[in-house]
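Please open the model in your viewer and keep the sequence panel beside it. The stops below are meant to be followed in order, one selection at a time.

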Amino acid sequence: MRWLRLSTFLIAVLLIAACGSRGASVEPALPTNTPVPTFTSTPVGPAPAAGGGQVSSQTPSQTAATPVPPEATVTPEAPMVTIGNVLMNVRGGPGTNYNVIGTASPGQRFQITGKNPGLGDWWQIDFGGQTGWVFGQLVTATNAETVQVALVIPAPPPPTATPIPPTPVPVPTQPPAPRFPYSLVSQGNCNAHSAISFFSGYVRDVNNNPVNEVCVHIAFHGPRNTKCTGCGDEAGKWGFTPFGQGTGSGTTVEIYVVNCPAGVPRDRGLSGSATGPLSPISEKWTKTLSGGLTCNDITFRKN
């Protein structure tokens, strides 16, 4: 019953609506601009991960490219020298004629900065901020195959002149100390002949004055006669005629001053047989006779 009422109501409503639409003027609808759809390309994202993983929402522009590392550049090791097992000199140039600027201890290492031309047997090194040189045979060099000749090599120092000792000023030669209290100061004046041989002379003091009672001895073939000066003769004079009337040819005669033996007569000579000290106290006057000979002014002087 109820559904019957509802159906009757709906029919009535429809009838009323139909009647109303007939009497009303219907206005035509205005055309509507239909927007043209804009198509936006959707980038294809990465495929979904297997097993239900989430898909990344980043676009290709948002994904950073992984940088490719550059190839590693190998830096060659610097050429070096290692000092040997001795303390060595470091010089200002490639040679022992250069000055020593320091020393390097065994095991120390220095960078090579050059070498000398020619033999290349000296290494230029960085010696604590200054340029030094070491002899190649006393060090061990490494990585030195490409070391070039040093651009600046100091000129060698001039050779050191050997000092010439000053010429000594000759010192006046002092006469040697006299060996005897008396010196033979004159050989006398001698004349050869065929007559009797005779010898005479003087004994003088340091002032060249005649001195009396000084004994003079003559010897040949051993001791012979001793005479005193001024004894029976003029002051300071003595004389001998040793061979009597002969010349004494071939005989060597020696005359010299002696200490007066005891008992020497003051007026004549003392024979050679007399005893007493006959050691010379002066240089000897000596002659070898080849015939008769007369000699005067044979002089002895006190020192």
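Which residues does T294 touch, not counting residues up to four places away in sequence? Select T294 and show its surroundings: with contact taken as heavy atoms within 4.5 Å, T294 touches N189, C190, N191, H193, I196 and F198. This is a predicted model, in which local features need pLDDT of at least 70 and side-chain atom pairs count only at pLDDT 80 or more, while totals for chains, interfaces and linings use all residues. Residues are numbered from 1 along each chain as its sequence is written, and side-chain values use heavy atoms, with hydrogens and water left out.

Stay with T294, which lies in strand β16 (helices, H or I, of at least four residues and strands, E, of at least two are DSSP runs, numbered from the N terminus). T294 is buried, at a relative accessible area of 18%, where buried means under 20%, exposed over 50% and partly exposed in between, using a 1.4 Å probe and protein chains only. Its side chain is joined to that of H193 by a polar contact of 2.6 Å (a pair of N or O atoms within 3.5 Å; within protein, one must be able to donate a hydrogen and the other to accept it, and residues adjacent in sequence count only if both atoms are side-chain atoms).

Next, select C190 and C295, which are joined by a disulfide with an S to S distance of 2.0 Å, the term covering cysteine sulfur atoms within 2.5 Å. The pair links distant parts of the chain, C190 in strand β9 (residues 189-193) and C295 in strand β16, 105 residues apart. The torsion about their S-S bond is about 120°, so the disulfide is right-handed. C190 is partly exposed at 31%, whereas C295 is buried at 0%.

Move on to C215 and C260, whose sulfur atoms are 1.9 Å apart in another disulfide, right-handed with 110° about the S-S bond. The link of C228 and C231, by contrast, is left-handed at -140°, and both of these cysteines are buried.

Finally, select F199, I255, W285 and F300, which touch the most other members of the largest nonpolar core, a set of 21 residues (buried Ala, Val, Leu, Ile, Met, Phe, Trp, Tyr and Cys residues joined through side-chain atoms within 4.5 Å). Strand β16 gives the most to this core, with four residues. Leaving aside neighbours within four places in sequence, F199 is in contact with residues including I218, W238, I255, W285 and C295.
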